[in-house]
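User: I would like to go through this structure by question and answer, with the cut-offs stated for each term.

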Amino acid sequence: MKIYIDENINDFDLDEAMTLLSEQRREQVARYKMEGPRRQAVAAYLLLRKALREMYGIHDAPVFEYDANGKPSILGHPEIFFNLSHCRKAVACVVADSPVGIDVEETCRFSDSIARYTLDDEEYESVVKADNPSQAFIRLWTMKEALLKYTGEGLRRDIKTVLRLSPANKVEFLTELHDGYVVSVVNTKSCL
C-alpha cells in the first residue's frame with residue numbers, strides 16, 4: 001500500500017493537465033462548474049497516474065469501471081485497488097493490492113450540532129474533551145468516510161455507528177494530521 005498526498009493544487013496548468021486524463025475522466029471533470037473542484041479532481045487523478053507508474057509500470061491513463069455502489073476500479077486491472085479524495089487544502093490517493101479507502105478533509109471550525117448528528121455518544125465525548133475539538137472531529141469523520149469508501153457503501157449507512165460495526169473491527173486505520181487538514185486510510189489488517 002502506498003499513500004500519495006499533494007498540497008499543490010494550484011501549482012499546475014489546468015489545460016495542460018487535462019490532456020493527461022483519460023477521455024472518461026475529462027468528461028467527469030468537465031461536470032464541475034467551479035475551477036477549484038476541477039483542479040482537485042485533476043490533481044487526484046494525476047496522483048493515481050503517478051502511483052500506477054511507480055508501483056506497476058503502467059503509463060497509460062487509467063479508465064474506470066464502477067461496481068453497483070459506484071466504487072471505481074481500473075478497467076483491465078482487477079488486482080489493483082485504489083481510492084481518491086480531495087478537499088481545498090490537499091488531494092490524496094491510496095493504491096494497494098487489496099481493498100482500500102481514503103478520505104482527506106480540511107480542518108474547519110467545530111460545530112456541536114454536526115458532531116451530535118454524526119458521532120455516537122462516546123465519540124462525541126472524546127471530541128468535546130479534546131485539546132483541539134475541530135481536529136478530533138475531522139479525524140473521526142475521515143475515518144468513517146474512508147471506511148465507507150473502503151466498503152463501497154458511501155454515505156448510505158448510519159454515520160454514527162460506522163466505526164462500531166463490522167468491518168471496522170477487521171481493518172486498520174492510518175490517520176495523518178497535517179496543517180489544515182486530516183487524512184485517514186483504511187486497509188485490511190494483513191496488508192498494512
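User: Which element gives the most to the lining of the largest pocket?

Analyst: This is a predicted model, in which local features need pLDDT of at least 70 and side-chain atom pairs count only at pLDDT 80 or more, whereas totals for chains, interfaces and linings use all residues. Residues are numbered from 1 along each chain as its sequence is written, and side-chain values use heavy atoms, with hydrogens and water left out. With strands taken as DSSP runs of E of at least two residues and helices as runs of H or I of at least four, numbered from the N terminus, the element that gives the most, with five residues, is β4.

User: How do the residues of that lining divide into nonpolar, polar and charged?

Analyst: Ala, Val, Leu, Ile, Met, Phe, Trp, Tyr, Cys and Pro count as nonpolar, Asp, Glu, Lys and Arg as charged, and the others, Gly among them, as polar. On that basis the lining of the largest pocket comprises nine nonpolar, five polar and three charged residues.

User: Over how many bridges do β4 and β5 pair?

Analyst: Two strands pair if DSSP finds at least two bridges between them. A hairpin joins β4 to β5 through four residues, and phenylalanine 81 stands opposite alanine 96 in β5. The pairing of β4 and β5 is antiparallel, and its bridges number six.

User: Is cysteine 93 buried or exposed?

Analyst: Cysteine 93 lies in strand β5 (residues 91–96), and with contact meaning heavy atoms within 4.5 Å, the residues that cysteine 93 touches include Ile3, Leu47, Leu84 and Ile102. Buried means under 20% relative accessible area, exposed over 50% and partly exposed in between, with a 1.4 Å probe and protein chains only. The relative accessible area of cysteine 93 is 0%, so this residue is buried.

Methods:
Lists of a residue's contacts leave out its neighbours within four places in sequence.
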